[in-house]
Amino acid sequence: MDKRRLLLRLRLARGIGIKGESLIYQWLLAHPTGVKNLLPQDMAQIAHLNVTTARKFYESFTSQQLSDVVARHLTEANWFTILDEAYPAQLKESYLPPNVIFLSG
């Protein structure tokens, strides 16, 4: 899974908040090739999720329902990630910038 798709999937998954998403994004920056071996259990640990929240995240992240939602976003929605050139530079410098921004209209 590529980094953009991973960030989108994280944003749409249940059980993880913006702080957890940010911790995983920071981990991805520190480990550029690590996305290939990153498991949901690893992400839960990186995001410092407690046992209950980690279970909720794991079930959501690995569900077919989330895969369907991600596929629909890839083809039908307008969005970009913090990795994209279109991401506003000033927003990137803010505290806990969103990893994914959805566009409307």
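A: Phe80 and Tyr87 are both buried, meaning under 20% relative accessible area with a 1.4 Å probe on protein chains only. The model is predicted: local features need pLDDT of at least 70, side-chain atom pairs need 80 or more, and totals for chains, interfaces and linings use all residues. Numbering runs from 1 along each chain as its sequence is written, and side-chain values use heavy atoms, without hydrogens or water.

The structure holds 2 aromatic pairs (Phe, Tyr or Trp rings, the six-membered one for Trp, with centres within 6.5 Å; planes under 30 degrees apart are stacked, over 60 edge-to-face, the rest tilted). Phe57 and Phe61 form a tilted pair, with centres 5.3 Å apart and planes at 35°. They lie 4 residues apart in helix H4, about one helical turn (helices are DSSP runs of H or I, at least four residues, numbered from the N terminus). Phe57 is buried at 0% relative accessibility. Phe61 is buried too, at 6%. Phe80 and Tyr87 pair edge-to-face, at 6.1 Å centre to centre and 85° between planes.

Now Arg9. Arg9 belongs to helix H1. Its charged end sits over the Phe61 ring, 5.1 Å from the centre (CZ of Arg or NZ of Lys within 6 Å of the centre and within 35 degrees of the ring normal). Arg9 is buried but has no salt bridge (a Lys or Arg side-chain nitrogen within 4 Å of an Asp or Glu carboxyl oxygen). The nearest side chain of opposite charge, Asp68, is 8.3 Å away.

Terms used. Helix = DSSP H or I, 4+ residues; strand = E, 2+ residues; numbered from the N terminus. Buried < 20%, exposed > 50% of the residue type's maximum accessible area, 1.4 Å probe, protein only. Lys, Arg positive; Asp, Glu negative; His and termini not counted.
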